[in-house]
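Take a look before we start.

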Amino acid sequence: MIEDGIRQIPVSSSTSESVNITKNKVLTAFSTLTKGKDIKALSDSIQDHFNELSPSIALCSSPKGFRTAWGLRSKTLSMQDAEAIVNDGGQLIPVNDNSRLLSCEQQGVVLGPEKKLVLAVRHSEGNYEDSLDELGRFTYQPPRDVSGMLRYRWCQFLSQKLKVPYVVLVIMWFEYRLNNKMNQLFILAPAKIIDCDEDLINLNESVHRPLKLQLIPRHEAFATLNLIKSLNSDNIDIDVRAELPEALAREWSYDKINSTEKGKQLKRWAQRNSISCPGSKCDHIPFRELKNSDIAFGHIVSQNWSSAFTFMLDKVHHPDNLYLTCKTCNSSLSNNFPEPKLREQIVKQGTIGDWLRLHEHKIREAK
């Protein structure tokens with residue numbers, strides 16, 4: 001679909017460069033990105049890439065701290081600048097010549113171990129576009145070679161098909177005078193590639209577009225990397241689920257749905273969609289045959305059991321630990337874990353979290 005021709009690539013806010021794109025160049029670039037990769041080798045390659053990224057997340061600043069650093073519009077930090085960054089959740093890291101990420105290089109895009117995927121991007125004030133909006137979104141300049149362009153789209157494609165946000169590190173560096181010597185300090189933040197679908201609809205129009213990125217907090221980056229690791233599991237009986245957005249998990253937690261209008265919405269949705277109780281004590285009675293008062297929210301890991309392991313207390317009421325059941329089956333379970341057949345039915349039918357992932361809007365409309 002990509003037509004031969006010249007694309008204008010912006011290199012600053014006022015200048016651009018002409019790059020000739022041909023089908024042959026695109027095919028060669030794509031072959032290089034996927035050369036010799038069967039599905040297992042490609043999977044291992046992706047894992048190796050994000051394994052290199054993972055340790056650096058702990059060194060990252062909060063989105064707010066990074067935005068403070070971004071807004072300085074200066075390559076040299078004063079003591080007041082450094083204090084402002086730290087107070088807003090920033091971490092200033094000294095140069096480390098043994099690290100590819102924390103060394104003074106001019107290369108803008110840092111590639112992963114096999115140079116197939118984007119690991120990090122370096123931002124230098126005054127180049128390309130410098131706008132960072134209130135949600136931490138910005139665009140990162142497009143490369144001026146066809147291989148680099150296709151690598152951007154390849155990262156987006158993987159994110160789209162895996163249904164997992166693609167995480168990169170964003171790096172800025174500053175000069176800071178310490179002991180009468182000028183030193184280099186770095187500030188890192190995790191970001192995710194956004195608006196992938198938009199750029200993958202028509203490669204002929206989008207092949208030369210920049211990356212669209214959004215700063216994210218460390219916990220979201222860790223959750224995403226853990227999800228990528230879990231995708232490599234050999235256990236084919238386990239369905240890997242993306243983490244529910246924190247706001248959605250809080251909104252539909254047990255205390256927010258038990259004996260509330262939100263809970264009634266979930267029950268009405270289940271009744272209208274001919275869903276039955278996963279338990280066997282009632283012989284899997286359809287919820288539509290029950291009154292709302294006879295339908296309960298069960299816990300996969302019981303409330304009592306979670307009290308024995310306090311690290312679970314903040315997860316016990318999470319929608320992923322809840323499922324819809326009849327009162328009879330819920331009472332028979334008591335404080336025990338669901339037995340294998342019941343667990344199989346819960347997985348097949350879905351937890352409350354699963355329903356929210358797939359049917360959030362329809363559930364909200366179940367008035």
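Of the chain's 367 residues, 44% count as buried, meaning under 20% relative accessible area with a 1.4 Å probe, protein chains only. Keep in mind that this is a predicted model, where local features need pLDDT of at least 70, side-chain atom pairs count only at pLDDT 80 or more, and totals for chains, interfaces and linings use all residues. Residues are numbered from 1 along each chain as its sequence is written, and side-chain values use heavy atoms, with hydrogens and water left out.

The chain has 15 helices and 12 strands; these are DSSP runs numbered from the N terminus (helices: H or I, at least four residues; strands: E, at least two). Its C-alpha atoms fill a box of roughly 70 × 55 × 40 Å along the principal axes.

Now find helix H2, residues 39–57. Asp38 caps its N-terminal end, with a side-chain oxygen 3.2 Å from the backbone nitrogen of Lys40. Among the buried residues of H2 are Leu42, Ile46, Phe50 and Leu53. The buried residues of H2 pack against strands E6, E8 and E9 and helices H5 and H8.

Next, look at H11 (residues 261–272) and H15 (residues 352–364): they pack at an angle of about 90 degrees, with axes 11 Å apart. Axes here are lines fitted to C-alpha atoms over the stretch in contact, and angles run from 0 to 180 degrees between N-to-C directions. That makes H11 roughly perpendicular to H15 (65 to 115 degrees). Contact means heavy atoms within 4.5 Å, and the residues making it include Trp269 of H11 and Trp355 of H15.

How values were computed
Angles under 35 degrees count as roughly parallel, over 145 as roughly antiparallel, 65 to 115 as roughly perpendicular and the rest as oblique. The expected span of a helix is 1.5 Å times one less than its number of residues. Buried means under 20% relative accessible area, exposed over 50%, partly exposed in between (1.4 Å probe, protein chains only). A polar contact is a pair of N or O atoms within 3.5 Å; within protein, one must be able to donate a hydrogen and the other to accept it, and residues adjacent in sequence count only if both atoms are side-chain atoms.
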